[in-house]
Amino acid sequence: MDHSEEPDGAPTDARGYGFPRRLWRGLDEHPPPGLKRATRWRSPLRGLWLTSALGSVLLITLPVVTITGLLSYIAYGPQFGQAIPGDVGWLKLPTFDWPTDPSWLYRLNQGLHVGLGLILIPIVLAKLWSVIPRLFAWPPSRSVAQMLERISLLMLVGGILFEIITGVLNIQYDYIFGFSFYTAHYYGAWVFIAGFVIHIAIKIPRMRLGLRSMSMRRVLRTNTRDTRPEPYEPDGLVAAEPGPATISRRGALALVGGGALFMAVITAGQTLGGWTRQTALLLPRGRTHGDGPNDFQINRTAAAARITPDLTGERWRLTLTGGPSPVVLDRAMLTAMSQHTARLPIACVEGWSTTETWTGVPLRNLAKLAGVPEPRSAFVRSVERFGAFNRATLQANQVMHPDSLLALRVNDADLSLDHGFPARIIVPALPGVHNTKWVASIDFRAK
């Protein structure tokens, strides 16, 4: 067989077809069953402008969701082995002492991560709708560059759908997965990040071109009757034979924007609190509350933690260690000590938060009493024997902050059993789960 060279360097046979070209042609002639039926999308709204407009919103907002998610992981203290997953290999993030000021830092971080992530769902779905013809393009690629684009698209779409679906289910239901949500969410985020970075690097020039192809003012002035498809391109998003418009582009933008606004209304109440809490329909996991002064969210009740009266009644004692000898205190001794009151938020990884007035003994006073006036860390253990978060390690700045408390009361009333009676930890800007309830011991560590 006589071989020659194609202009692009690919070897050809006597018929003049390069082997790669013959492969693409063969794939073209034999698409999977049903593919042609699946690709009959005729909406005249699809095109480079709409996709670019939706993409520009996600280009700004998705990095915020991603960065706040990674910061949340750091806030959990991976240096103490208490972030999940623990061993992440070469995906390990640079760690630092999570700040205690401002006290609402974690509340803001997690509110942005969960709240903005939920608000973006309609925009993500609209973006996927706008590019769905390309998702089913056949053959999948005709060059190495196209193959790289398709792989990045698979990572991008698969990653973001996995993060959204598992994230929504996690805030709706308690431990429904047959795997660790936190581990899967962490690695899923990195799959999405890799696909996002590659895809943006490839598509930024096309996005700029798309945004310049049509002015926003023109789009907002065009009604359904005057809506026309963009120019057809063989490998583009515009249908070869577009159907008549049933909605204008401005109508589509209003529909997507209205969906995002609706998501904000039914989720923001869990972070804002007050009367808006009743509107938080999408986050029922945080809808278990106490009553009276203890009327705020409960993630894990005493019954769920198997807390029995003998663990928190008259026999309860707090043990302080780290100094020359252990110090043992009962609740009466703690209430007799100098008390400090601080109004502090408590925020959960699922996105809900609340701000209450806490009263108790400053942790730095307990450190002095234990004989460790300048601890490097403190290991807190609960009387709870079960569960993944019945202990926590606090950093030096978290122990020494003047508002860091072993709280005994909230809103001028004793803590309820569900909120951690007889004593719980409250530290500014600390993830809620590390504000350990039903505290049994604190080990102040000098090294």
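Buried here means under 20% relative accessible area. Keep that cut-off in mind while touring this predicted model.

**Stop 1: two buried rings.** Select Trp98 and Tyr106. Both residues are buried. Their rings form an edge-to-face aromatic pair, 6.5 Å centre to centre, with 80° between the planes.

**Stop 2: a stacked pair.** Go to Phe177 and Phe181. These rings are stacked, with 5.9 Å between centres and 15° between planes. Phe177 is buried, as is Phe181.

**Stop 3: a ring cluster.** Now select Tyr73, Tyr186, Tyr187 and Trp190. Ring pairs link these residues into a cluster.

**Stop 4: two helices.** Show helix H3, residues 48-75, and helix H7, residues 181-212. Their axes come within 10 Å and cross at roughly 150°. Angles over 145 degrees count as roughly antiparallel, and H3 and H7 are therefore roughly antiparallel to each other. The crossing is left-handed. What kinds of residue make up the contact of H3 with H7? They divide into 19 nonpolar, 5 polar and 1 charged.

**Stop 5: charges over rings.** Select Arg46 with Trp129. The charged end of Arg46 sits over the Trp129 ring, 4.0 Å from its centre. Then move to Arg306 and Phe386. Here Arg306 lies over the face of Phe386, and the distance to the ring centre is 4.1 Å.

Terms used
Residues numbered from 1 in each chain as written. Predicted model: local features only at pLDDT ≥ 70, side-chain atom pairs only at ≥ 80, totals over all residues. Heavy atoms only, no water. Axes fitted to C-alpha atoms, helices over the stretch in contact; angles between N-to-C directions. Helix = DSSP H or I, 4+ residues; strand = E, 2+ residues; numbered from the N terminus. Parallel < 35°, antiparallel > 145°, perpendicular 65-115°, else oblique. Left-handed = near helix turned anticlockwise from the far one by under 90°. Nonpolar A, V, L, I, M, F, W, Y, C, P; charged D, E, K, R; others polar. Phe/Tyr/Trp six-rings, centres within 6.5 Å; stacked < 30°, edge-to-face > 60°. Buried < 20%, exposed > 50% of the residue type's maximum accessible area, 1.4 Å probe, protein only. Lys NZ or Arg CZ within 6 Å of the ring centre and 35° of its normal.
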